[in-house]
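Try each task before reading its solution.

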Amino acid sequence: MSDLPNCPKCGSKYTYEDGLLYICPECGDEWLKDAMIENGTGEKVIRDANGNPLQDGDTVTVIKGLKVKGSSLTVKVGTKVKNIRLVEGDHDIDCKIDGIGAMKLKSMFVKKV
């Protein structure tokens, strides 16, 4: 039997590993192996690209240039994002970025300051 986690998006049990990612063949969702790890209490811990646990209100820095869907704007490497909010789903960080506005980010593209 496989001890791979079920897909967090669709619940599929057919996930597989590809390098540092888990991939769901049914919905196409991808997530880091270390992005969400259950702690001893059973709740999920969301981690940044370096493996540091994130909490609501943290300040993070973007580590990869990210295109903003539906516009010609990009979030540049090194952009500091203050007062993040953690949410469930594929994009697990809600935030506001100066000059762009409200956005959702994946924890794999940020590091804790």
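**Exercise 1. Decide whether Leu-105 is buried, partly exposed or exposed, and find its contacts.**

Step 1. Leu-105 has a relative accessibility of 3%, so Leu-105 counts as buried. Buried means under 20% relative accessible area, exposed means over 50%, and partly exposed lies in between, with a 1.4 Å probe and protein chains only.

Step 2. Place Leu-105 in the fold: this residue belongs to strand 12. Strands are DSSP runs of E with at least two residues, helices are runs of H or I with at least four, and both are numbered from the N terminus.

Step 3. List the contacts, meaning heavy atoms within 4.5 Å. Setting aside residues up to four places away in sequence, Leu-105 touches Leu-66, His-91, Asp-92, Ile-93, Cys-95 and Val-110.

A word on the ground rules before going on. This is a predicted model, where local features need pLDDT of at least 70 and side-chain atom pairs count only at pLDDT 80 or more, while totals for chains, interfaces and linings use all residues. Residues are numbered from 1 along each chain as its sequence is written, and side-chain values use heavy atoms, with hydrogens and water left out.

**Exercise 2. Describe the largest nonpolar core and the elements that build it.**

Step 1. A nonpolar core is a set of buried Ala, Val, Leu, Ile, Met, Phe, Trp, Tyr and Cys residues joined through side-chain atoms within 4.5 Å.

Step 2. The largest such core holds 15 residues, and those touching the most other members are Val-75, Val-81, Ile-93, Cys-95, Met-103 and Leu-105.

Step 3. Strand 6 (60–62), strand 11 (93–97) and strand 12 (101–105) are the elements that give two or more residues to this core. Strand 11 contributes the most, with three residues.

Step 4. Look at one member up close. Beyond its neighbours within four places in sequence, Cys-95 contacts Val-81, Ile-84, Gly-101, Ala-102, Met-103 and Leu-105.

Step 5. For background, nonpolar side chains in soluble globular proteins tend to be buried together.

**Exercise 3. Work out which residues line the largest pocket, and what classes they belong to.**

Step 1. On a 1 Å grid over the protein atoms alone, a pocket is an open set of points where a 1.4 Å probe fits, with protein on both sides within 12 Å along at least five of seven lines; lining residues have an atom within 4 Å of a point.

Step 2. The lining consists of Lys-64, Gly-65, Leu-66, Lys-67, Val-68, Lys-69, His-91, Met-103, Lys-104, Leu-105, Lys-106 and Phe-109.

Step 3. Sort the lining by class: five residues are nonpolar, two polar and five charged. Here Ala, Val, Leu, Ile, Met, Phe, Trp, Tyr, Cys and Pro count as nonpolar, Asp, Glu, Lys and Arg as charged, and the others, Gly among them, as polar.

Step 4. Strand 7 (66–67) and strand 12 each supply at least two lining residues, and the largest share, three residues, comes from strand 12.

Step 5. Turn to Leu-66 in strand 7. At 13% relative accessibility, Leu-66 counts as buried. Its contacts, apart from residues up to four places away in sequence, are Leu-73, Thr-74, Val-75, Leu-105 and Phe-109. Leu-66 and Leu-105 are 39 residues apart in sequence, with 9.3 Å from C-alpha to C-alpha.

**Exercise 4. Compare the loop residues Cys-27, Ala-49 and Asn-83: where does each sit, and is each buried, partly exposed or exposed?**

Step 1. Cys-27 lies in the loop between strand 2 (21–23) and strand 3 (30–32), and its 33% relative accessibility makes Cys-27 partly exposed. Leaving out residues up to four places away, Cys-27 touches Cys-7, Lys-9 and Cys-10. The C-alpha atoms of Cys-27 and Cys-7 are separated by 8.7 Å.

Step 2. Ala-49 is in the loop between strand 5 (44–46) and strand 6, and is partly exposed at 34%. Phe-109 is 60 residues away in sequence, yet 6.2 Å from Ala-49, C-alpha to C-alpha.

Step 3. Asn-83 sits in the loop between strand 9 (80–81) and strand 10 (85–86). With a relative accessible area of 57%, Asn-83 is exposed. Asn-83 also has a positive phi of about 55° although it is not a glycine.
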